[in-house]
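Here are my notes on this model. Please read them with the structure open.

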Amino acid sequence: MSRESTINQIVEAILAERDYYSPGSCESIANEAVIYYKTLMICEDSGIDAAMKYFTGTHDGDEYKRFRMERGIIGGGNE
């Protein structure tokens, strides 16, 4: 079973690299990481069909922001 704290650490570490990459690329990578994590969690809870339905659905560039807000991580202008 995956731990949510692990993906939180990964997303925050990715976002901390903003100074080293082109504008927007860290946010894009963090967004993908959250989508993969959510896909994994759905698969564990509801099976691969439900997971792939989520994965192949429409995602915007704010997936990681919503993920961070849901966990109380966003605040203080770090988004």
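1. Terms for exposure come first. Buried means under 20% relative accessible area, exposed means over 50%, and partly exposed lies in between (1.4 Å probe, protein chains only). Asp62 is therefore partly exposed, with a relative accessible area of 34%.

2. On provenance: this is a predicted model, where local features need pLDDT of at least 70, side-chain atom pairs count only at pLDDT 80 or more, and totals for chains, interfaces and linings use all residues. Residues are numbered from 1 along each chain as its sequence is written, and side-chain values use heavy atoms, with hydrogens and water left out.

3. Helix packing. Helices (H or I, at least four residues) are DSSP runs, numbered from the N terminus. H1 (residues 4-15) and H2 (residues 25-46) have axes that come within 8 Å and cross at roughly 165°. H1 is therefore roughly antiparallel to H2, since angles over 145 degrees count as such. Axes here are lines fitted to C-alpha atoms, for helices over the stretch in contact, and angles run from 0 to 180 degrees between N-to-C directions. The H1–H2 crossing is right-handed: the near helix is turned clockwise from the far one by less than a right angle.

4. Salt bridges. The criterion is a side-chain nitrogen of Lys or Arg within 4 Å of a carboxyl oxygen of Asp or Glu. By this rule there are six. One of them joins Glu63 and Lys38 (3.1 Å, N to O). This pair links distant parts of the chain: Glu63 sits in helix H4 (residues 63-70) and Lys38 in helix H2, 25 residues apart. Glu63 is buried, at 6% relative accessibility. Lys38 also counts as buried, at 19%.

5. Which residues are linked in a network of salt bridges? They are Lys38, Asp60, Glu63 and Arg66. Within it, Arg66 pairs with Asp60 (3.1 Å, N to O). Arg66 is partly exposed at 33%, and Asp60 is partly exposed at 39%.

6. Back to Asp62. Its side chain meets that of Lys65 in a salt bridge (3.7 Å, N to O). Lys65 is partly exposed, at 27% relative accessibility.

7. Nonpolar surface. Tyr36, Ile48, Met52 and Phe55 form a nonpolar patch with about 380 Å² of accessible area together. Areas come from the Shrake-Rupley method with a 1.4 Å probe. Patch residues have over 30% relative accessible area and no salt bridge, and nonpolar side chains are joined within 5 Å. Helix H3 (residues 48-55) gives the largest share, three residues. Met52 lies in H3 and is partly exposed at 35%.

Note on methods:
Patch = residues over 30% accessible without salt bridge, like charges linked within 9 Å, V, L, I, M, F, W, Y side chains within 5 Å. Helix = DSSP H or I, 4+ residues; strand = E, 2+ residues; numbered from the N terminus. Parallel < 35°, antiparallel > 145°, perpendicular 65-115°, else oblique.
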